[in-house]
Amino acid sequence: MPLGKMRPPWRRSPLRRGTDVAESWMVLATGVLIAVLAPTAGVTAAQAVDASSQRQSDGWHSVSAVLTEDPPARIGVDSTNGTAGRVHATVKWTAGNGAVRTGETAVPPGLRSGDRTTAWLDRHGSLVRDPLTPGDSLAQSIAVGTVAASTTGLLLFGAERAGVALLNRRRSAQWEKEWAEADEEWRHPQT
């Protein structure tokens, strides 16, 4: 049959089965749902991560702190050029009420005891990790959004494949029943 003459299974045809119509509608609905829900889930997740990271760092403030000891050396990493990442060290700072406090935080590599660094405190004056940079926040949002969109698409596709498997099982059972009826007719022809 020429390609222009092919009809979708939900149109009238003597070979059309109910399971064929159900499968066609299921595939169409799944395609539409994936096209709509996967991007929506991705954007929603990305916005939630971005809002969460911004909410988390609201109220944080930086203080000048002094290293009280040399941070541990990073083995096998050149810490003189600043590419080694951050290391943990004990620092002391003066709180808003004038009290001197100490704690452990991440500092740039290459600092020594007595060097000044920036530490971040939450609303309660406790040390926290550095706030995310806008670039880090964007990368984290994109990663989470991509995973959410992909997961949504895969779940919908998996559900559609499971539905097709059930329809194929039903078609097989129907096929077996029809063959059994035909076999009975051939064995005992009506005269």
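This is a predicted model: local features need pLDDT of at least 70, side-chain atom pairs count only at pLDDT 80 or more; totals for chains, interfaces and linings use all residues.
**Stop 1: the nonpolar core**

Select Val63, Ala65, Leu67, Val87, Ala89, Val91, Trp93, Val107, Leu111, Ala119 and Leu121. These 11 residues form the largest nonpolar core. Now colour by strand. S1 (61-67), S2 (87-94) and S4 (116-121) each supply at least two residues of the core. Which strand gives the most? S2 does, with four residues. As background, nonpolar side chains in soluble globular proteins tend to be buried together.

**Stop 2: Val107 and Thr117**

Stay in the core and centre on Val107, a core member. Leave out residues up to four places away in sequence, then show its contacts. Val107 touches Leu67, Pro71, Arg86, Val87, Ala89, Val91 and Thr117.

Move to Thr117 next. Thr117 sits in strand S4. Is Thr117 buried or exposed? Its relative accessible area is 11%, so Thr117 counts as buried, the cut-off for buried being under 20%. With the sequence neighbours up to four places away again left out, Thr117 touches Val63, Ser64, Ala65, Leu67, Val91, Val107, Pro108 and Leu111. Among these contacts, Val63, Ala65, Leu67, Val91, Val107 and Leu111 belong to the core listed at the first stop.

**Stop 3**

Switch to a surface view. Select Trp25, Leu28, Val32, Leu33, Val36 and Leu37. Together they make a nonpolar surface patch of about 530 Å². Zoom in on Leu28, which lies in helix H1 (residues 18-57). Leu28 has a relative accessible area of 39% and is partly exposed.

**Stop 4**

How many salt bridges does a search of the whole structure find? Four. As background, side chains of opposite charge can pair when their charged atoms come close.

Select Arg171 and Glu23. Their side chains meet in a salt bridge, at 2.5 Å from N to O. The pair links distant parts of the chain: Arg171 is in helix H2 (residues 134-187), Glu23 is in helix H1, and 148 residues separate them. Arg171 is buried, with a relative accessible area of 9%. Glu23 is partly exposed, at 21%.

Arg17 is found in the segment before H1. Arg17 is partly exposed, with a relative accessible area of 33%.

**Stop 5**

Select Glu160 and Arg161. They form a salt bridge, with the closest N and O atoms 2.9 Å apart. Glu160 counts as buried at 5% relative accessibility. Arg161 is partly exposed, with a relative accessible area of 39%.

Now go to Asp183 and Arg187. Their closest N and O atoms are 3.2 Å apart, in another salt bridge. Both residues lie in helix H2, four residues apart, about one turn of the helix. Asp183 counts as partly exposed at 30% relative accessibility. Arg187 is exposed, with a relative accessible area of 59%.

**Last stop: the network**

Which residues do salt bridges with shared partners join into one network? Asp20, Glu23 and Arg171.

Key:
Residues are numbered from 1 along each chain as its sequence is written. Side-chain values use heavy atoms; hydrogens and water are left out. A nonpolar core is a set of buried Ala, Val, Leu, Ile, Met, Phe, Trp, Tyr and Cys residues joined through side-chain atoms within 4.5 Å. Buried means under 20% relative accessible area, exposed over 50%, partly exposed in between (1.4 Å probe, protein chains only). Contact means heavy atoms within 4.5 Å. Patches are made of residues with over 30% relative accessible area and no salt bridge: like charges are joined within 9 Å, nonpolar side chains (Val, Leu, Ile, Met, Phe, Trp, Tyr) within 5 Å. Accessible areas come from the Shrake-Rupley method with a 1.4 Å probe; for residues, only the protein chains shown count as cover.
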